[in-house]
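I opened this entry to look up side-chain contacts in one structure.

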Amino acid sequence: MDTRFAISEYRDAAEVNRKLDELIKKPIYTVTDEALKDYVENYFEKKCASSKKMIEEAKAIIPGGVQHNLAFNYPFPLVITKAEGAYLYDIDGNKYYDFLQAGGPTVLGSNPPEVREQVIDLLNTCGPSTGLFHEFEYKLAKKVSDSVETVQMLRMQASGTEACMTAVRVARLATKKKNILKMGGAYHGWSDQLGYGIRVPGSKFTQAHGVPLYIFKHTQEFFPGDLEDLERKLFLNQFRGGTAAVFIEPVGPESGTTPTSAEFIKGVERLCRKYGSLLVFDEVVTGFRIGMSCAQGYFGVSPDLTIFGKVIGGGYPAAGAIGGKKEYMQYLGAGLDATGNKKIHKAFTGGTLSANPLTCCAGYFTLEEIDRQNACQKAGLMGDRMREGLQKLIDKHGLPFVTWNEGSICHLETVGTLHFSINWKKPWTIPGVLDATGERKDVMTHMGAAYTAEGVITLAGSRLYTSAAYDEKMIDDALSRFDKVFEKVALKED
């Protein structure tokens with residue numbers, strides 16, 4: 001197993017959570033109204049005029065003006081026309097450090113030529129899709145299987161959402177059980193039954209607008225880091241159809257925004273074995289970012305099924321996959337089981353563009369390059385440097401902010417929006433928690449806008465992904481831009 005990992009030292013989850021607990025009790029600090037107004041008027045309005053004009057026109061035919069949730073930014077979305085390495089360029093010609101990294105998959109950096117040239121060659125010879133088998137389907141599956149010990153078989157899907165949906169069906173067929181348990185606050189795609197307990201642990205169905213409540217009859221959540229809560233629900237489910245699968249993000253919900261310990265992850269595996277439930281690792285972000293053997297290799301656990309997302313296609317369209325042990329992946333085949341003796345039902349799944357040649361080609365050469373360049377470890381070292389630099393700036397300006405990283409997944413929490421949780425034993429707290437997260441989400445967007453105006457694009461103003469395209473000089477320059485924003489931060493005005 002490849003032991004080159006992005007994480008040089010795993011952070012103390014309990015200590016980070018203690019700091020986050022303190023953060024959400026403190027007054028809110030954010031960029032001042034005067035500074036925000038200056039950024040809007042003198043940067044966005046003057047230097048991003050073409051973006052604003054296009055978004056305004058797009059709103060007439062696109063709901064909200066954009067097609068992806070990551071693009072909703074204050075005061076208006078930017079129109080990006082070029083992505084290269086560690087940089088993004090907008091339609092007005094402005095250049096930015098890219099710490100959004102398309103939500104995490106671009107471990108090599110954006111649009112690496114080593115992959116792009118292979119994709120161009122394929123487009124010249126085959127095209128993006130035939131509906132039939134292509135050699136890169138096998139090459140990609142073999143590369144993943146060779147890299148990740150538990151992935152004995154791989155089935156491509158068109159997205160991480162679809163892969164999660166398929167995992168639910170496989171788990172129910174394999175275990176003959178009904179219920180799905182997911183870590184509260186985690187995101188496992190936007191399907192109906194997994195749109196439960198997202199973003200805020202304990203939120204249950206309250207964030208799943210448009211989904212009938214009966215859909216959640218067999219979906220439950222447990223609190224991140226709480227093995228007692230998980231076991232209590234696994235035990236009770238024995239009397240109401242059993243638990244088919246436990247879904248987790250291995251570093252904690254929302255890519256470790258509420259961090260969990262290595263002991264917790266191993267405890268989840270132990271409980272799954274005790275109660276006969278499949279352990280499903282959602283490695284949409286951590287897969288081939290933590291290491292070639294993914295987060296499961298780092299933690300030394302053996303999930304039954306693994307979910308892969310955008311990185312499996314190198315950031316190219318229609319990318320997702322489910323991998324796992326043969327005894328469970330056999331439910332995606334047809335006819336007899338792995339022994340050849342027993343006829344089994346097939347988990348229904350499809351997707352015309354799943355495993356298309358373009359995606360598989362891009363995914364295969366991306367993983368080859370990540371492996372060859374030791375990109376995970378390089379990106380992780382840049383994440384360490386970013387976190388260390390941010391901590392120095394927090395201390396310099398005397399701010400209550402909290403920063404930590406899981407290798408190349410960096411967090412900068414200024415208000416702790418996603419650290420709130422809902423205690424359903426005290427229902428009168430629910431509106432207060434949701435209102436508080438709403439207010440703090442606005443603050444996050446203002447901080448994100450300030451970073452952008454200084455030439456740094458982040459995910460929601462609180463998460464930063466580093467890639468192998470970064471070097472120390474770039475990280476230090478980016479930190480100088482955070483310094484400029486922190487100089488303009490003060491206690492939030494009422």
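My notes on these contacts follow.

**Aromatic pairs.** I worked from a predicted model. I counted the aromatic pairs and got 20. I then looked up phenylalanine 44 and phenylalanine 76: the ring centres are 5.9 Å apart and the planes are at 80°, so I logged the pair as edge-to-face. The cut-off for that label is an angle over 60 degrees. Phenylalanine 44 belongs to helix H2 (residues 33-47), and phenylalanine 76 to the loop between helix H3 (49-58) and strand S2 (80-84), so the pair ties together parts 32 residues apart in sequence. I checked burial for this pair, and both phenylalanine 44 and phenylalanine 76 are buried. I also noted one aromatic cluster, formed by Phe5, Tyr10, Tyr298 and Phe299.

**Charges over rings.** I looked at two lysines next. Lysine 95 has its charged end over the ring of tyrosine 87, at 4.1 Å from the centre. Lysine 82 lies over the face of tyrosine 89, and there the distance to the ring centre is 4.9 Å.

**Salt bridges, within a helix.** My search of the whole structure returned 25 salt bridges. One of them joins glutamate 135 and lysine 139, with the closest N and O atoms 3.4 Å apart. The two residues are 4 apart in helix H5 (residues 135-147), so about one helical turn separates glutamate 135 from lysine 139. I looked up accessibility: glutamate 135 is at 48% and counts as partly exposed, and lysine 139 is also partly exposed, with a relative accessible area of 30%.

I then took two of the pairs in turn. Between glutamate 368 and lysine 143 the closest N and O atoms are 2.9 Å apart. This pair links distant parts of the chain, since glutamate 368 is in helix H12 (residues 357-373) and lysine 143 in helix H5, 225 residues apart. For aspartate 371 and lysine 143 I noted an N to O distance of 2.8 Å. Aspartate 371 is in helix H12 and lysine 143 in helix H5, so this pair ties together parts 228 residues apart in sequence.

I finished with accessibility for these residues. Lysine 143 counts as buried because its relative accessibility is 12%, and the cut-off for buried is under 20%. Glutamate 368 is partly exposed at 28%, and aspartate 371 is partly exposed at 22%.

Definitions and conventions. Residues numbered from 1 in each chain as written. Predicted model: local features only at pLDDT ≥ 70, side-chain atom pairs only at ≥ 80, totals over all residues. Heavy atoms only, no water. Phe/Tyr/Trp six-rings, centres within 6.5 Å; stacked < 30°, edge-to-face > 60°. Buried < 20%, exposed > 50% of the residue type's maximum accessible area, 1.4 Å probe, protein only. Lys NZ or Arg CZ within 6 Å of the ring centre and 35° of its normal. Salt bridge = Lys/Arg side-chain N within 4 Å of Asp/Glu carboxyl O.
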